[in-house]
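Work through the exercises below with the coordinates open. Each task is followed by a stepwise solution.

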Amino acid sequence: MTTRSVQPATSTIKNQHQALSTGDDRDRLPLLAIDALRQSLLSWYAEVGRDLPWRQSRDPYAIWVSEIMLQQTQVKTVIPYYHRWLTLFPTVAALAIAEQQQVLKAWEGLGYYARARNLHRAAQSIMQHHGGTFPDCLSAVMTLPGIGRTTAGGILSAAFDQPLAILDGNVKRVLARLIALQTPPNRAIALLWQLSEALLDRQQPRNFNQAIMDLGATVCTPHQPRCPQCPWKMHCQAYNQDIQSKLPMSELRAPLPHKIIGVAVIWNDQGQILIDRRRQEGLLGGLWEFPGGKVEPGETIEACIQREIREELGIEIAVGDRLIVVDHAYSHFRVTLNVHHCRHLNGEPQAIECDEIRWVTLADIDQYPFPKANVQIIEALRQKG
Ligand code: SF4
């Protein structure tokens with residue numbers, strides 16, 4: 001195992017932030033050369049920092065949109081969505097007055113749709129409580145739906161250069177390695193916030209936060225970090241101990257539950273398909289879908305589809321050929337959708353377990369926002385229909 005020496009500290013996490021630390025936490029704060037860490041990171045950023053579209057803006061609304069999109073999604077996926085979103089909703093006011101369906105349609109394919117619903121609700125709240133101007137005060141920003149401490153810090157530091165630290169997934173990983181943290185990061189959140197605040201360059205918070213995000217995204221990556229190219233390699237305890245690939249420590253996770261779902265593409269005599277709009281509460285709220293539900297123990301897919309459609313929509317159908325099987329993973333479970341063509345037999349469809357139902361043609365279906373797994377069903381209908 002390689003051992004590398006740590007440079008002497010000019011000022012340290014410990015002596016600058018003792019006031020912030022208490023008890024055990026203070027003992028766990030390492031001795032770090034924070035001036036050298038700041039300077040080396042900012043020099044590296046000036047040389048190789050990413051030129052991202054939202055970094056060309058100081059508009060807190062545009063920065064907020066990018067921060068929310070980036071929460072669960074990679075930069076290259078976000079860029080076209082970001083541009084399209086700002087064309088559709090160029091201001092807080094434009095977003096606030098949009099129909100929710102239009103907002104969800106603009107988000108279609110990005111996943112984690114609560115983010116879009118929260119952006120929409122927050123825009124309405126900004127119109128109502130802040131006269132349409134994005135607030136520049138941390139406590140006010142943190143009352144908006146979908147904005148926690150790190151997102152608020154990211155927005156306010158990028159838009160107004162306020163000295164607020166961030167602690168997103170990338171930053172947690174970098175800091176956990178910097179101090180060779182011996183627990184999963186989510187069990188040391190207070191300590192990592194202290195570190196992030198202690199390291200933040202209060203003269204250049206915008207650049208510093210963007211630099212540390214870039215370090216996590218491009219060099220201190222989850223797998224095979226590129227330590228020889230890292231501006232922090234001289235100070236990094238994981239690298240010094242040659243354990244960078246073992247950190248951060250991960251939580252033990254139970255396998256994801258797997259749900260088998262029967263799904264109906266119900267046709268009427270006019271060649272239209274029945275779709276329903278999910279309830280606002282819960283996963284994928286407000287999105288449209290093909291109706292169906294979970295297969296009960298001992299039940300066939302066909303029997304499940306007939307039962308679910310009777311319970312959810314109050315109609316009788318005949319279940320026909322299988323159209324497609326779609327596997328999809330969400331954050332806490334995965335599903336297998338067994339999708340069948342079905343024929344409407346009798347009864348007037350009712351929105352018993354959903355917000356709305358509609359008969360639509362395949363040509364018109366693109367107007368409606370669908371979850372990703374359902375988009376595959378539409379593609380299959382187009383190919384095989
Ligand atoms: S030296 Fe390696 S492990 Fe340490 S911060 Fe840099 S990239 Fe991450």
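Predicted model: local features only at pLDDT ≥ 70, side-chain atom pairs only at ≥ 80, totals over all residues.

**Exercise 1.** Characterise the packing of helix α5 against helix α7.

Solution. 
- Step 1: Take the geometry. Helix α5 (residues 75–88) and helix α7 (residues 100–107) pack at an angle of about 155°, and their axes are 10 Å apart.
- Step 2: Classify the angle. Angles over 145 degrees count as roughly antiparallel, so α5 is roughly antiparallel to α7.
- Step 3: Assign the hand. The crossing of α5 and α7 is right-handed.
- Step 4: List the contact. Helix α5 contributes Tyr 81, Trp 85 and Leu 88, while α7 contributes Val 103, Ala 106 and Trp 107.
- Step 5: Sort the contact residues of α5 with α7 by class. Six are nonpolar, with no polar and no charged residues.

**Exercise 2.** Helix α10 packs with α4 and also crosses α13. Describe each pair in turn.

Solution. 
- Step 1: Begin with α4 (residues 60–70) and α10 (residues 149–160). These helices pack at an angle of about 145°, with axes 9 Å apart, and their crossing is right-handed.
- Step 2: Name the residues in contact. From α4 come Pro 60, Ile 63, Trp 64, Glu 67 and Ile 68; from α10 come Thr 151, Gly 154, Ile 155, Ala 158, Ala 159 and Phe 160.
- Step 3: Sort them by class. The contact of α4 with α10 has eight nonpolar, two polar and one charged residues.
- Step 4: Turn to α13 (residues 205–219). Its axis and that of α10 come within 7 Å and cross at roughly 130°, and the two helices are therefore oblique to each other. The crossing of α10 and α13 is left-handed.
- Step 5: Name the residues of this second contact. They are Gly 153, Ser 157 and Ala 158 of α10, with Pro 205, Arg 206, Asn 209 and Gln 210 of α13.
- Step 6: The contact of α10 with α13 divides into two nonpolar, four polar and one charged.

**Exercise 3.** How far apart are the centres of domain 1 and domain 2, and how much area do the domains bury between them?

Solution. 
- Step 1: Domain 1 covers 14–246 and domain 2 covers 258–384.
- Step 2: Taken over C-alpha atoms, the centres of the domains are separated by 38 Å.
- Step 3: Count the contact residues. Domain 1 supplies nine residues and domain 2 supplies 17 residues.
- Step 4: State the area. The two domains bury about 1,000 Å² between them, 46% of it on carbon and sulfur atoms.
- Step 5: Gln 101, Tyr 113 and Arg 117 supply 47% of the area that domain 1 buries against domain 2, more than any other three residues.

Conventions. Residues numbered from 1 in each chain as written. Heavy atoms only, no water. Axes fitted to C-alpha atoms, helices over the stretch in contact; angles between N-to-C directions. Helix = DSSP H or I, 4+ residues; strand = E, 2+ residues; numbered from the N terminus. Parallel < 35°, antiparallel > 145°, perpendicular 65-115°, else oblique. Left-handed = near helix turned anticlockwise from the far one by under 90°. Contact = heavy atoms within 4.5 Å. Nonpolar A, V, L, I, M, F, W, Y, C, P; charged D, E, K, R; others polar. Domains from an automatic or database assignment. Buried area = accessible area lost by both parts, 1.4 Å probe.
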